[in-house]
Amino acid sequence: MVSAEPGPAWADDVKACCAAAYGTDAVALLLGTAYHPGGLALTRRLAGALSLAPGQRVLDVAAGPGATARLLALEHEVLVDGVDLGEHTVLSAREATVRAGLAERVAFRVGDAEQLPVTDAGYDALVCECALCTFPDKTVAAAEFARALRPGGRVGITDVTVAPEGLPAELAGITGWVACIADARPSADYEQLLVDAGLRPLRRERHDTAIARMVDEIEARIGMFEMTAPERLAAAGVDAEAVRGYLVAARRAVEAGTIGYTLLVAEKPAA
Amino acid sequence: MAPRQHDRDEVFVEYTKSVCPVCKVVVDAQVNIRDNKVYLRKRCREHGWFEALVYGDAQTYTESARFNKPGTLPLSFQTEVKDGCPSDCGLCPEHKQHACLGIIEVNTGCNLDCPICFADSGHQPDGYSITHSQCEHMLDTFVEAEGEPEVVMFSGGEPTIHKHILDFVDLAQQRPIKVVNLNTNGIRLASDRRFVRALGERNGRNGTSVNVYLQFDGFDRDTHLEIRGRDLRDHKRRALDNCAEEGVTVTLVAAIECGLNEHEVGDIVRFGVEHPAVRSVSFQPVTHSGRHVAFDPLTRLTNSDVIELVNAQCPDWFRPGDFVPVPCCFPTCRSISYLLVDRKPHRTDVVPIPRLVNIDDHLDYVSNRVMPDPALRSALEKLWSASAFMGTPATMESLETAAAAAECEACGIELPESAKELGERAFMIVVQDFQDPYTLNVKQLMKCCVEEITPDGRIIPFCAYNSVGYREQVRSQMSGVSVADVVPNAHELADDTVESPYGSRVVADAAEAGDGGQRPVAADTTNVGRKAVQW
């Protein structure tokens with residue numbers, strides 16, 4: 001086992017690594033366009049816990065290609081601002097939103113979760129899916145979440161969890177996208193981050209099967225590219241058999257409860 | 001001390017109707033969940049309480065409700081609403097879905113006398129077989145109802161021993177029917193190469209595909225003896241090889257029974273994936289209608305059990321979530337998965353399509369308001385349907401659309417030329433639990449899309465035909481020989497039933513369960529106190 005605590009030498013690199021990784025071919029190939037476990041079904045569950053009302057404003061932190069932002073706008077009739085660190089990601093999220101005819105209700109901008117480009121108390125709700133684990137300074141990010149919310153507003157988070165003793169050694173050495181989850185925490189720790197930022201926890205759920213399913217999906221994508229475009233895997237530097245080995249280890253860790261997925265909802269106390 | 005209240009040990013989830021498995025009177029029924037399993041329970045005023053397991057995983061059962069697609073109206077109905085479901089078949093105007101697949105049983109005779117046969121067929125002198133004009137009438141009934149029907153399945157009895165079976169295939173191909181299926185035990189396919197060639201020549205003619213639906217229950221000698229009464233392993237092998245050589249696409253159809261062949265599902269999938277003639281496997285928990293081995297309704301196999309067996313016996317290939325409920329019928333009746341098969345020199349890998357395309361996002365009809373791609377939804381609806389058959393133009397086209405979407409979702413780039421190739425690599429696995437007189441739930445029956453076409457021009461849901469009394473009614477009318485209501489061979493009914501001339505079970509004293517007895521008039525119109533089907 002290794003410590004889940006990031007070493008200071010690479011803590012600063014994680015954010016850059018993840019921003020880059022989420023833009024790289026390897027990650028795009030392996031994770032597909034639905035970057036977070038649980039898919040739209042878990043997003044719906046999260047949205048359902050936020051007490052959204054038509055016309056409200058929602059901030060999506062690390063919005064990725066924008067599928068969640070568009071779902072919230074369509075199904076809850078809210079106005080959504082998406083923030084993501086990747087410039088290219090923001091551009092493609094905007095394009096997809098224009099195609100969906102939602103550009104007037106959903107906007108995206110480049111921004112850092114630890115320094116959100118938004119005014120104080122401007123949002124009724126905030127979502128952050130599968131991203132908090134990648135933020136090097138989680139305390140600052142949680143404080144930013146609290147700052148962006150109006151009193152009474154809610155934050156909804158889904159994220160990768162790692163047991164207190166940390167990732168199994170067999171997974172610790174993986175670079176790239178798995179490095180992003182190397183700083184995942186137990187769900188109680190995430191909750192404590194929110195509490196420390198002045199938020200009041202309302203709900204904490206386990207959704208470990210969502211991450212098991214994501215492991216299956218990654219395995220399937222590798223299989224498909226081996227059939228259709230092995231040269232793309234090679235060009236992206238993906239060694240299919242090596243990744244399969246890691247997936248076996250990841251699946252084992254999920255079964256053992258070492259790696260999981262959590263859903264958290266907290267509220268900013270009214271005044 | 002005051003008496004203490006206790007909670008029930010089950011969650012009551014549905015109130016519905018069913019039939020008494022003994023006398024086939026329509027009765028109220030309830031669906032309950034106990035220990036994460038789903039049970040249907042009912043009471044006949046004459047014969048008491050009955051309960052059967054209907055789904056092995058309550059969570060999947062309840063979650064699959066979101067896959068329930070609005071039904072499509074057929075162009076015509078054949079009967080009127082009079083006494084209500086399931087007595088008005090059919091189809092009556094209250095039926096919720098058109099027919100994805102129509103079955104024409106061409107005979108009752110068979111060259112086998114299997115211990116398990118929902119049709120109660122065999123070497124019998126007093127059955128019937130249909131004529132050319134009857135077949136035409138049945139096909140025309142189907143075309144009138146559907147316009148351009150998706151699939152006709154010729155069944156029996158054993159349809160290949162009907163001397164006009166090829167004429168019947170021709171009659172179907174002369175009509176706007178997209179797929180013709182031949183449901184067979186394969187004995188003739190094993191020995192009569194000319195017959196297989198004749199089927200191969202018809203495959204693709206007039207734009208109609210011809211497929212073989214081959215009874216295939218496993219590889220153990222005991223499996224063959226206990227389910228079919230004969231060791232047919234060599235026949236199956238030769239039938240499959242003949243089909244491969246003559247260009248006939250085959251679906252392996254496995255009846256799975258507790259304690260007999262449930263250990264063989266993994267081997268059947270692996271065999272099918274490797275055999276050049278086979279493009280799909282259909283697993284069916286044994287239907288406890290007609291003739292079957294004695295069973296316990298509380299521990300029977302259901303769809304979720306079969307899916308768990310497949311996952312457990314092919315751990316490298318399947319995981320939970322790879323099978324998706326089918327929206328056209330009631331989603332708990334049928335689940336399907338498609339695999340992309342990659343044959344490598346050292347091993348065969350498969351990629352389940354539901355891991356590449358999030359099917360939920362497209363086939364969730366309850367919570368879904370985001371509609372990203374209507375073309376993809378339409379393709380997935382054609383694939384997750386009782387009318388999907390590998391090798392047919394509609395299915396293959398839909399597979400290409402799904403494969404292209406899978407690639408697009410995976411990397412954001414469309415590769416249309418490889419999507420076609422991916423479609424060709426696809427393999428289908430279907431799990432279908434047909435209802436029997438114990439498990440019958442009219443909620444599912446009313447949306448059934450697999451129908452029996454009768455010689456008198458009715459279209460009757462398959463599970464109603466086998467469970468409610470229509471099969472006995474039609475056989476009686478067609479053969480002129482009186483046929484008693486068949487009663488399931490459940491352990492708990494062993495003392496009340498005797499063997500029928502066809503090997504199934506019937507009540508010991510027909511008068512006791514039939515129409516002879518005095519029945520009080522039921523105020524409740526559900527419990528009208530008479531047989532569901534009268535003739």
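Colleague: Hi! What does chain A average in pLDDT, and what share of the residues score at least 70?
Modeller: Hello! This is a predicted model, and chain A averages a pLDDT of 84, with 83% of the residues scoring at least 70.

Colleague: Thanks. Over which residues of chain A is the pLDDT below 50?
Modeller: That would be residues 1-23 of chain A. Beyond near neighbours in sequence, the stretch still has 43 contacts in the model. Where pLDDT is low, though, the predicted coordinates should not be read in detail.

Colleague: Noted. How many helices and strands does chain A have?
Modeller: Chain A has twelve helices and seven strands. Of its 271 residues, 49% are buried.

Colleague: And what share of the contacts in chain A with a separation of 6 or more comes from residues 24 or more positions apart?
Modeller: Such pairs account for 80% of them.

Colleague: Which part of chain A does the UniProt domain annotation cover?
Modeller: The unreviewed UniProt entry gives "domain: Methyltransferase type" for residues 59-155 of chain A. In the model, that stretch is 35% helix and 29% strand, and its end C-alpha atoms are 9 Å apart.

Colleague: Switching to chain B: what does UniProt annotate over residues 93-319?
Modeller: For chain B, the annotation from an unreviewed entry reads "domain: Radical SAM core". Residues 93-319 of chain B are 36% helix and 17% strand, with the end C-alpha atoms 40 Å apart.

Colleague: What is the strand order in the open sheet of chain B?
Modeller: The four strands go E1-E2-E3-E4, with antiparallel pairing.

Colleague: Why do E1 and E4 of chain B each have one side without a neighbour in the sheet?
Modeller: Strand E1 (11-19) and strand E4 (48-55) of chain B stand at the edges with a single partner strand each, so one side of each has no neighbour in the sheet. Neighbouring strands of this sheet are turned by 25° against each other on average, direction ignored.

Colleague: How many bridges join E2 to E3 in chain B?
Modeller: Six bridges join strand E2 (residues 26-34) to strand E3 (residues 37-44) of chain B, and the two run antiparallel. B:Arg34 stands opposite B:Lys37 in E3(B).

Colleague: Last one: which residues of helix H11 in chain B are buried?
Modeller: In helix H11 (residues 374-383) of chain B, the buried residues are B:Leu376, B:Ala379, B:Leu380, B:Lys382 and B:Leu383. Down the axis of H11(B) these buried residues fall within an arc of 160°, so they line one face of the helix.

Conventions
Residues are numbered from 1 along each chain as its sequence is written. Chains are lettered from A and ligands numbered from 1 in the order in which they are written. This is a predicted model: local features need pLDDT of at least 70, side-chain atom pairs count only at pLDDT 80 or more; totals for chains, interfaces and linings use all residues. A residue is buried if 20 or more other C-beta atoms lie within 10 Å of its own, exposed if 12 or fewer, and partly exposed in between; C-beta atoms are placed from the backbone. The arc is that of the directions from the helix axis to the C-beta atoms. UniProt positions are given in the numbering used here, feature names are shortened, and annotations may be inferred rather than shown by experiment. pLDDT is the predictor's confidence in each residue, from 0 to 100. Two residues are in contact if their C-beta atoms, placed from the backbone, lie within 7 Å. Two strands pair if DSSP finds at least two bridges between them. Axes are lines fitted to C-alpha atoms, for helices over the stretch in contact, and angles run from 0 to 180 degrees between N-to-C directions.
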